[in-house]
Amino acid sequence: ARDPNGNNVDFPADYNVVIPANGTYKYTKSRIFNSPGRHDLFIANYNNGKWDLNFPEGTSGGAVRSRDTYVVSNPILTNPIVLWSTPTVGNPVTASFKIKNASNSPLNIGTIVIAARDPNGNNVDFPADYNVVIPANGTYTHVVTRAFNSAGEHKLFIANYNNGKWDLNFPEAITYGIERIRTTFVSN
């Protein structure tokens with residue numbers, strides 16, 4: 001296996017494999033991937049001091065010996081940013097989104113915020129939640145309210161601050177069509 005940067009992230013190897021006459025061999029291993037993104041998976045064989053990256057030959061009928069897979073990050077966005085009313089200048093508007101922890105352990109995501117930028121690019125963020133921990137296999141719904149002071153198009157996006165750095169691409173959506181960024185028009 002190769003991660004999105006081409007690093008070797010192989011599954012565990014089986015050594016000294018001998019397949020009996022007219023027999024079969026089944027390889028089944030598992031591993032944890034530590035980085036999200038496209039991963040290339042392929043079968044490789046090391047025998048007599050050299051690697052064979054075209055081993056074994058597929059049978060007729062289209063057996064595939066390599067594939068690409070996409071590893072999603074954790075947590076994952078399950079519901080996009082939703083505004084509960086049409087924003088107007090000076091009136092509170094509530095916004096929310098929902099994320100899921102897909103692991104069997106609690107997940108500390110630190111600080112989470114719906115960041116917002118007004119038409120001039122000024123920071124008009126919604127209030128943040130701090131020290132957020134999502135239970136194992138659980139969900140977290142972020143619900144916050146604020147009023148905008150200026151009319152025009154506002155850009156909203158989810159941001160995360162954890163381990164001393166901001167992540168403006170957090171969290172990844174599990175399906176296409178769930179957007180972590182949206183624009184909205186604030187009217188007078």
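In the predicted model, four strands are arranged as an open sheet whose order is β9-β6-β5-β12, and the pairing within this sheet is mixed. The edge positions are taken by β9 (139–147) and β12 (172–173), each of which has a single partner strand, so that one side of each is left without a neighbour in the sheet. Strand β5, which spans residues 76–83, runs antiparallel to β6 and is joined to it by five bridges; within this part of the sheet, Asn79 stands opposite Lys98 of β6. Towards β12, by contrast, β5 runs parallel, and two bridges join these strands. Ile76 has Glu172 of β12 as its bridge partner.

Strand β6 covers residues 92–100 and includes Ser96. The relative accessibility of Ser96 is 10%, which is under the 20% limit, and the residue therefore counts as buried. The side chain of Ser96 is joined to that of Trp84 by a polar contact of 3.0 Å. When neighbours within four places in sequence are left aside, the residues in contact with Ser96 are Pro80, Ile81, Val82 and Trp84, together with Ile114, His142 and Val143.

Gly138 lies in the loop that runs between β8 (129–134) and β9. With a relative accessibility of 12%, Gly138 also falls under the 20% limit and so counts as buried. If residues up to four places away in sequence are not counted, Gly138 touches Ile99, Lys100 and Asn101. The separation between Gly138 and Pro75 is 63 residues in sequence, whereas their C-alpha atoms are 9.8 Å apart in space.

A further buried position is provided by Thr184, which has a relative accessible area of 10% and is found in strand β13, residues 181–186. Apart from residues up to four places away in sequence, Thr184 touches Leu83 and Pro87, as well as Gly152, Glu153, His154 and Leu156.

Aromatic side chains were considered next. A pair of aromatic rings is described by the distance of the centres and the angle of the planes. The count of aromatic pairs in the model comes to four. In one of these, the ring centres of Phe11 and Phe33 are 5.7 Å apart and the planes stand at 80 degrees, which is over the 60-degree limit, so the pair is classed as edge-to-face. This pair links distant parts of the chain, 22 residues apart, with both Phe11 and Phe33 placed in the segment before β1 (37–42). Phe11 is partly exposed, its relative accessible area being 27%, and Phe33 likewise counts as partly exposed, at 21% relative accessibility.

Tyr161 and Trp166 form an aromatic pair that is tilted, with a centre-to-centre distance of 5.1 Å and an angle of 50 degrees between the planes. At 33% relative accessibility, Tyr161 counts as partly exposed. An arrangement of another kind, between a charge and a ring, involves Lys155, whose charged end sits over the ring of Phe157 at 5.6 Å from the ring centre.

Technical notes. Residues numbered from 1 in each chain as written. Predicted model: local features only at pLDDT ≥ 70, side-chain atom pairs only at ≥ 80, totals over all residues. Heavy atoms only, no water. Buried < 20%, exposed > 50% of the residue type's maximum accessible area, 1.4 Å probe, protein only. Polar contact = N/O pair within 3.5 Å; in protein donor to acceptor, adjacent residues only side chain to side chain. Contact = heavy atoms within 4.5 Å. Pairing = 2+ DSSP bridges. Phe/Tyr/Trp six-rings, centres within 6.5 Å; stacked < 30°, edge-to-face > 60°. Lys NZ or Arg CZ within 6 Å of the ring centre and 35° of its normal.
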